[in-house]
Amino acid sequence: MKIHRLVPFFPLLLVAANWADFLPQTRLAPIEADLPLTWSPEENQLWQAEILGDGQSSPVVWDDHVVVTSVDGDMKDQNIVTCYAVSSGAKQWQRESATSLKVKSSLYVSRAAPTPVADSAGLVAFFESGDLIALDWDGNPRWQKSLISENGPIEAEFGLAASLAQDSDFVFVLVESDGPSYLAAIAKADGSTRWKVDRDSVISWSSPALMTLAGRPQIVVSSVGSVTAYEAATGNRLWTVDGLGGNTVATPSQVDSTRLIIGAAPGRDGKDTDSAAKSNLLIEVSGGDTAAMTAKVIWRADKAMASFSTPLAHDGLGYWVNRAGVVFCVDLETGEQLFAERLDQAPWATAIASADRIYFFGKDGITTVIATGREFRKLASNVLWDPETVVDRSAEASAREETAERRAGAAMFAGPIQYGVAVAGDRLLIRTGNRLVAIAGE
């Protein structure tokens, strides 16, 4: 592991904060710290750490621990969990285990895409092989289980990407594939299954989200034509909104105690174009503990589109980003589009908001920072790595693929990609496939 570019005049004491799972800000968890506005390969990078293998999950943070997952081997033979110190980047421990499902490693198949969850007892990691692994903060195993052994094969051409959701006692795992598909609640203490709800066999990469809406904790799943909520304690279905399209990637994002927004986009082949155009919308939920819950669409943002980045609600405004890197800002009360402007790069990681700024993490290393508000105003354009220093691995990536179309595509995606982001106090932690970078706060 390399650690370099330590900046001596920045303090290494951490502002206490945890980023315990995937996209906590989309569930009314505001970022309080002063995050960095500018950085470059020469400026504000506190440390870099190498990650064994490859991975696409976001980092999670608990106290001075930052954890990432990855896979290694030609057949994704090893599932890997690695823990670093937020303060220094030093590797604290690394745990490897054999996968339960060997699949050829490829840029077209997810590689450690699901983000783990963390709490005071440790963490739970989920891999697209169906393996769930629980570790304590010393890296010692607590329990491990194979969802394939319990529930049947995972049959997904491009793998799984749904991250874990959690409450104080359970993790919630969504498996959607051409094989058995389901949402399940797994006890953090021992790995036992509290409940499991069967779902239609579909292909989707969106993640479940735990939200408290109309006073009731529920797991919200946006996937392949519908948005459905399940009671967190029992798995009972609470409400469904049907008639959508293209909602297979973006995770639902909470606006307030009763409302949430949904993102959708056409597929690469143009499939679902018409229905996706009507599926970027705001839903309001009503009912409660003693009444049946209902949900209705309040408005549809007909021009806005999402893609890999989940839509973000912040200070009364919603931000959607499409595949071309155009950000759409929408008034969350009325659904009125306020602007549509192109960013420096289209993001694959989800945007985050901090005070009066929105950060969009471009796929190829450029992060655009804009001011919040009803007019587009760019504040900074930040480069994570110097393109001149990137080793060309396009030939190696292409050689893994079996068709001419995939070989051509692999060549375009062989370089480093900004896959996921976490906040640790006043620092940003940015993860590429095989590297973790800490950016100094202000």
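**View 1. Strands that contribute to the lining of the largest cavity in this predicted model.** Strand E10 (165-166) and strand E14 (209-213) each supply at least two residues of the lining of the largest cavity, which has a volume of about 60 Å³. The residues that line the largest cavity are Asp21, Phe22, Arg27, Leu164, Ala165, Gln166, Ser207, Pro208, Ala209 and Leu210. Divided by class, the lining of the largest cavity is made up of six nonpolar, two polar and two charged residues. The count of cavities of 30 Å³ or more in the model comes to two.

**View 2. The second largest cavity and its lining.** The second largest cavity has a volume of about 30 Å³, and the residues along its lining are Leu160, Ala161, Ala162, Leu174, Val175, Glu176, Ser204 and Ser206. By class, five residues of the lining of the second largest cavity are nonpolar, two are polar and one is charged.

**View 3. Ala161, one of the residues lining the second largest cavity.** Ala161 lies in the loop between helix H1 (147-151) and E10, and it counts as buried because its relative accessibility is 18%, a value that falls under the 20% limit for that class. When neighbours within four places in sequence are left aside, Ala161 is in contact with Ala113, Pro114, Trp205 and Ser207; of these partners, Ser207 is also one of the residues lining the largest cavity. Ala161 and Leu174 are 13 residues apart along the chain, and their C-alpha atoms are separated by 9.3 Å; both residues belong to the lining of the second largest cavity.

View 4. Leaving aside neighbours within four places in sequence, the residues in contact with Thr310 are Leu23, Thr26, Ala250, Thr251, Ser253 and Thr350.

**View 5. The buried cysteines Cys83 and Cys329.** Cys83 has a relative accessible area of 0% and is therefore buried, and Cys329 is likewise buried, with a relative accessible area of 0%. A disulfide is a covalent bond between the sulfur atoms of two cysteines. With a cut-off that requires the pair of cysteine sulfur atoms to be within 2.5 Å, the count of disulfides in the model comes to zero.

Methods: Residues numbered from 1 in each chain as written. Predicted model: local features only at pLDDT ≥ 70, side-chain atom pairs only at ≥ 80, totals over all residues. Heavy atoms only, no water. 1 Å grid on protein atoms, 1.4 Å probe; cavity = no way out; pocket = protein on both sides within 12 Å on 5 of 7 lines; lining within 4 Å. Points joined across faces, edges and corners; volume = space filled by probe spheres on them. Helix = DSSP H or I, 4+ residues; strand = E, 2+ residues; numbered from the N terminus. Nonpolar A, V, L, I, M, F, W, Y, C, P; charged D, E, K, R; others polar. Buried < 20%, exposed > 50% of the residue type's maximum accessible area, 1.4 Å probe, protein only. Contact = heavy atoms within 4.5 Å.
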